Amino acid sequence: MDASIIRHSLDLAVNLNDTTNGYVVEERNVRFWMNGKAVQPVSRGSGNHVFLDRGREDCELEIQVNGYEPCRLKIRYEELDKLIPTKAVFLIPSENNGKGQPLLSLTGRLQGLEKLQAVSFSSTGCCINSFDERKCIMSLFKSYRYSMEGIYYGLLNMERQTYEPFVVTEELTALSVKLASPLREPFSVNSPIARTVFGCVDEDGSYCLRVRDDSDYLNYLVRYVVNGEVRFKKVDFHKLDAAALE
């Protein structure tokens, strides 16, 4: 008797992360919609959900996870890996998540706002030593206490109060990582590196950037894009009254 072979096409892998701490979201109460239609991916654990045999067509994906704000994003396959299309999604914890974790929120509305993210001045775990532009390899002075693979970071310029976002694709050694693309901005040796916290922006310019109230020092450098212009603002999350973006 001939053995039957069943093949499936992995068309999209979604990895869910908590943007405030970078941890994977293990919550099982997760719902997905593609172009407004409810869909059910296969859960692989560790925040991973895979879509099989759906075809690789661009779409709008909506995600609702218990304890987190609803998330809407566009899936563009030209931006994803051709072999295993993977999308890292960073979820914002809900203020009423019921887990007793204090949260602080920077909210408002700014016409023309397109993107919003930030890095913490106090959570810089390592500093840059050098960068090989040809190989896209960054060497570090101090080993990062967490894995940097597949994570978004910012390289701070303390003098200008700006930072350059970058993406780590591979952790080569404890003191070197490979980046998705070359650095574009000049940097100083020993400049600090911090993990990126992502906010959300609605079509009308309404925004939300949320962090955990877990320290007496919660100064962040916010990076936001307004009508294509990159802007920066230093925000103390314990003094949000004067922190509106402009």
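**Entry 1: a cut-off, then Ser9**

I begin with the cut-off I need: a residue is buried under 20% relative accessible area, exposed over 50%, and partly exposed in between. Ser9 comes out at 31% relative accessibility, so I note it as partly exposed. I keep in mind throughout that this is a predicted model.

Where does Ser9 lie? I found Ser9 in the segment before β1, the strand of residues 10–18. Setting aside neighbours within four places in sequence, I see Ser9 in contact with Phe51, Leu52 and Asp53. I also checked Ser9 against Val89, 80 residues along the chain, and their C-alpha atoms are separated by 21 Å.

**Entry 2: the whole chain**

I stepped back to look at the fold. How many helices and strands does the chain have? I count zero helices and 19 strands. The radius of gyration is 19 Å, close to the 18 Å from the globule rule for 246 residues, so the chain is as compact as a globular protein of that length. The C-alpha trace spans about 70 × 40 × 35 Å along its principal axes.

I then looked up burial and found that 43% of the 246 residues count as buried. The accessible surface of the chain comes to about 14300 Å², and carbon and sulfur atoms hold 45% of it. For contacts with a separation of 6 or more, I note that 64% are between residues 24 or more positions apart. On charges, I have 30 positive and 34 negative ones, and their mean positions are 2 Å apart.

**Entry 3: two positive phi values**

Next I went through the backbone angles. Cys136 has a phi near 60°, a positive value in a residue other than glycine. I placed Cys136 in the loop between β10 (113–132) and β11 (137–140). Is Cys136 buried or exposed? With a relative accessible area of 10%, Cys136 is buried.

Asn227 is another non-glycine residue with a positive phi, here about 50°. I found Asn227 in the loop between β18 (219–226) and β19 (229–236). Asn227 is exposed, and its relative accessible area is 61%.

**Entry 4: aromatic rings**

How many aromatic pairs does the structure hold? I have seven in my notes, and I wrote up two of them. One is Phe90 with Tyr152, an edge-to-face pair with 5.5 Å centre to centre and 80° between the planes. Phe90 sits in strand β8 (residues 86–91) and Tyr152 in strand β12 (residues 152–157), so this pair ties together parts that are 62 residues apart in sequence. Phe90 is buried at a relative accessible area of 17%, while Tyr152 counts as partly exposed at 29% relative accessibility.

My other pair is Tyr220 with Phe237. Their ring centres are 5.3 Å apart and their planes stand at 75°, so I have the pair down as edge-to-face. Tyr220 lies in strand β18 and Phe237 in the segment after β19, so the pair ties together parts 17 residues apart in sequence. Tyr220 is buried at 8% relative accessibility, and Phe237 is buried at 2%.

Which residues form an aromatic cluster with Phe90? I found Phe90, Tyr152 and Phe198 together in one cluster.

**Entry 5: Ser122, back to Tyr220**

I returned to Tyr220 by way of Ser122. Ser122 lies in strand β10 and is partly exposed, with a relative accessible area of 42%. Ser122 and Tyr220 are 98 residues apart in sequence, yet I get 8.1 Å between their C-alpha atoms. Which residues is Ser122 in contact with, leaving aside its neighbours within four places in sequence? I noted Tyr217 and Asn219.

**Entry 6: Asn35**

My last stop was Asn35, in the loop between β2 (30–34) and β3 (37–39). Asn35 counts as exposed at 56% relative accessibility. Not counting residues up to four places away in sequence, Asn35 touches Asp58, Cys59 and Glu60. I also looked up Glu62, 27 residues from Asn35 along the chain, and the two C-alpha atoms are separated by 8.0 Å.

Key
Residues numbered from 1 in each chain as written. Predicted model: local features only at pLDDT ≥ 70, side-chain atom pairs only at ≥ 80, totals over all residues. Heavy atoms only, no water. Helix = DSSP H or I, 4+ residues; strand = E, 2+ residues; numbered from the N terminus. Rg over C-alpha atoms; globule rule 2.2 N^0.38 Å. Buried < 20%, exposed > 50% of the residue type's maximum accessible area, 1.4 Å probe, protein only. Contact = heavy atoms within 4.5 Å. Areas by Shrake-Rupley, 256 points an atom, 1.4 Å probe, with all protein chains shown as cover. Lys, Arg positive; Asp, Glu negative; His and termini not counted. Charge placed at Lys NZ, Arg CZ, Asp CG, Glu CD. Phe/Tyr/Trp six-rings, centres within 6.5 Å; stacked < 30°, edge-to-face > 60°.
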